Amino acid sequence: MKKYNKDYTIGSNGLVTSETMRGGEEIRIRFKQWSSPDGRVVRWYVSRGKDDIGWVDVSNIDNYQGRTSTHNSYLYSIVKAMHEYEAEQLATAVEETEEIVEVATETIEEIVEATATATCVIEGVKEIEAAMDAVDRYFDAVERAQDDENGCCFPISRSKVSVKGLKEKYPRAAAYLHAQDYSLSAHYMQTTTGRTAMAKIKAGEDYTAVIAAMEAEWKAYTSEAMWAN
């Protein structure tokens, strides 16, 4: 087991659990917690083997550094060990976060690339997206006008192109965009089902069956998750 500050073992709670002596003997270290009634002040009472050491503030190593008493010198050693452990855990967390961000970035890039390719391949995708963008711009303009208290004089023209009509005209494109909405979900399972459906529609499979399977898979997953809780 890894040692911190040369001689100390740290538990999963971040506190020292034992000290290894020069001869290899392990001495147990115990922490007893005290908290103020409002929970804002937390202190620990440290025992080493059969000896009581004293109160320690694990958050501030400077409380003990440079003091000459035996107990303060010892408290400095164990607090330093815990700070080493905390720094290592933080570095590991940062590294894991960077890996997650890297994977997420690659996933987003793949989705963008797949969408761009599908736009060229699947007839109607560009038209539906353009119509939806026009609707979004219209409602944004309406909201700005209302915020400016100019809602009574609306020089804002609404697009005459019907999104619903385009989806009826290009059902395969509409199905693809529906699957794309799933793929952009914050939930990994919904993202997976959406990306799978996008790939199948792009490959020429029956879009009606693909969408039905996608929605059924997501519904089954959410139902199972609900009952599991």
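**Notes on the sheet, the cores and the ring pairs**

1. Strand 3 (residues 26-35) and strand 4 run antiparallel and are joined by 7 bridges. Strands here are DSSP E runs of at least two residues, helices are H or I runs of at least four, and both are numbered from the N terminus; two strands pair if DSSP finds at least two bridges between them. Ser35 has Val42 of strand 4 as its bridge partner.

2. Before going on, some housekeeping: this is a predicted model, so local features need pLDDT of at least 70 and side-chain atom pairs count only at pLDDT 80 or more, while totals for chains, interfaces and linings use all residues. Residues are numbered from 1 along each chain as its sequence is written, and side-chain values use heavy atoms, with hydrogens and water left out.

3. Confidence first, with pLDDT being the predictor's own score for each residue, from 0 to 100. The protein chain has a mean of 79, with 80% of its residues at 70 or more. Helix 1 (residues 70-121) has the lowest confidence, at a mean of 74, and helix 4 (residues 171-183) the highest, at 93. Where pLDDT is low, the predicted coordinates should not be read in detail.

4. Back to the sheet: it is open, has 5 strands in the order 1-2-3-4-5, and pairs antiparallel. Strand 1 (8-10) and strand 5 (51-56) are the edges; each has a single partner strand, so one side of each lacks a neighbour in the sheet. On average, neighbouring strands are turned by 25 degrees against each other, direction ignored (axes are lines fitted to C-alpha atoms, for helices over the stretch in contact; angles run from 0 to 180 degrees between N-to-C directions).

5. Strand 4 (residues 42-48) and strand 5 are antiparallel too, with 5 bridges between them. Ser47 is bridged to Asp52, and Arg48 to Asp51. The hairpin leaves 2 residues between these strands, and Gly49 takes a positive phi near 65 degrees there.

6. On to the packing. The largest nonpolar core has 22 residues, and Ile128, Ala179 and Ile201 have the most contacts inside it. Such a core is a set of buried Ala, Val, Leu, Ile, Met, Phe, Trp, Tyr and Cys residues joined through side-chain atoms within 4.5 Å; buried means under 20% relative accessible area, exposed over 50%, and partly exposed in between (1.4 Å probe, protein chains only). Helix 2 (125-147), helix 3 (163-169), helix 4, helix 5 and helix 6 each supply at least two residues, with helix 4 giving the most, 7 residues.

7. Ala179 touches Gly194, Ala197, Met198, Ile201, Ile211 and Met214, not counting residues up to four places away in sequence (contact means heavy atoms within 4.5 Å). There is also a second, separate core of 17 residues, including Ile10, Val56, Leu75 and Tyr85.

8. A search of the whole structure turns up 2 aromatic pairs. Rings of Phe, Tyr and Trp (its six-membered ring) pair if their centres lie within 6.5 Å; planes under 30 degrees apart are stacked, over 60 edge-to-face, and the rest tilted. Tyr138 and Phe139 are edge-to-face, because their planes stand at 75 degrees, with the centres 5.2 Å apart. Tyr138 is buried at 15%, whereas Phe139 is partly exposed at 42%.

9. Trp218 and Tyr221 are stacked, because their planes are at 15 degrees, with centres 5.8 Å apart. They sit 3 residues apart in helix 6 (residues 207-228), about one helical turn. Trp218 is buried at 17%; Tyr221 is partly exposed at 24%.

10. Gln190, in helix 5 (residues 188-202), is buried at 15%. Leaving aside neighbours within four places in sequence, Gln190 contacts Tyr182, Ser183, Ser185 and Trp218.
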